[in-house]
Amino acid sequence: MISVQLPNGRQYEFRHVVFDYNGTLAEDGRMTGEVRQLLAELAAKAHVAVITADTFGLARQELAAVPGVELILLAADQDGTEKARLVLERGAEHTVVVGNGVNDQPMFFIAGLKICVLGPEGVSTGVLAAANIVVRSPADAIRLLLQPKRLIATLRT
């Protein structure tokens, strides 16, 4: 579990982290070795799921060597409601979502913590507006969760 206590007394406890894949964890369908390593570390602390329509067809191959990560493949015609349904099933209040695209927006509206990755593939303005935190890379997003005290300055009221 990922836990953080804010100075105002608010306690966050996250059991699940749901990632988009393309544009969030991967660029042109490929993840870096650093992202793989950090995902494995995160999966030792919380349940990690990657939900994707897998535009480039590489997600299964890229995530195969990452222990503890659940891959959920969506049909190409499914939209963001499937991502939101997954977050609801896991318990929205105890779920962190990480994404960048229009189809991530429904899960961003309901999750307990929303992290937007503003990487080389860009970001949807809807996801940007709904995010609690914006980072430059997937590695930055994962490091925030691995070192949750970093969240205090950003989330403090």
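Buried means under 20% relative accessible area, exposed means over 50%, and partly exposed lies in between (1.4 Å probe, protein chains only). Helices (H or I, at least four residues) and strands (E, at least two) are DSSP runs, numbered from the N terminus.

The model is predicted: local features need pLDDT of at least 70, side-chain atom pairs count only at pLDDT 80 or more, and totals for chains, interfaces and linings use all residues. Residues are numbered from 1 along each chain as its sequence is written, and side-chain values use heavy atoms, with hydrogens and water left out.

**Exercise 1. Find what R90 pairs with, and classify both residues by accessibility.**

Step 1. A salt bridge is a side-chain nitrogen of Lys or Arg within 4 Å of a carboxyl oxygen of Asp or Glu. R90 makes one with E70; their closest N and O atoms are 3.2 Å apart.

Step 2. R90 sits in helix 3 and E70 in strand 5 (residues 69–73), so the pair links distant parts of the chain, 20 residues apart.

Step 3. Apply the cut-offs. R90 has a relative accessible area of 21%, so it is partly exposed. E70, at 29%, is also partly exposed.

**Exercise 2. Trace the salt bridges of E62.**

Step 1. Start with R30. Its closest N and O atoms with E62 are 2.9 Å apart. R30 lies in the loop between strand 3 and helix 1, and E62 in helix 2, so this pair ties together parts 32 residues apart in sequence.

Step 2. Turn to R36. Its side chain meets that of E62 at 2.5 Å, N to O. R36 is in helix 1, so this pair ties together parts 26 residues apart in sequence.

Step 3. Check accessibility. E62 is buried, at 5%. R30 is partly exposed at 42%, and R36 is partly exposed at 24%.

**Exercise 3. Describe how helix 1 and helix 6 pack.**

Step 1. Two packed helices are described by the angle between their axes and the distance between the axes.

Step 2. Helix 1 (residues 33–43) and helix 6 (residues 138–146) pack at about 25°, with axes 10 Å apart. Axes are lines fitted to C-alpha atoms, for helices over the stretch in contact, and angles run from 0 to 180 degrees between N-to-C directions.

Step 3. Helix 1 is therefore roughly parallel to helix 6 (angles under 35 degrees count as roughly parallel, over 145 as roughly antiparallel, 65 to 115 as roughly perpendicular and the rest as oblique).
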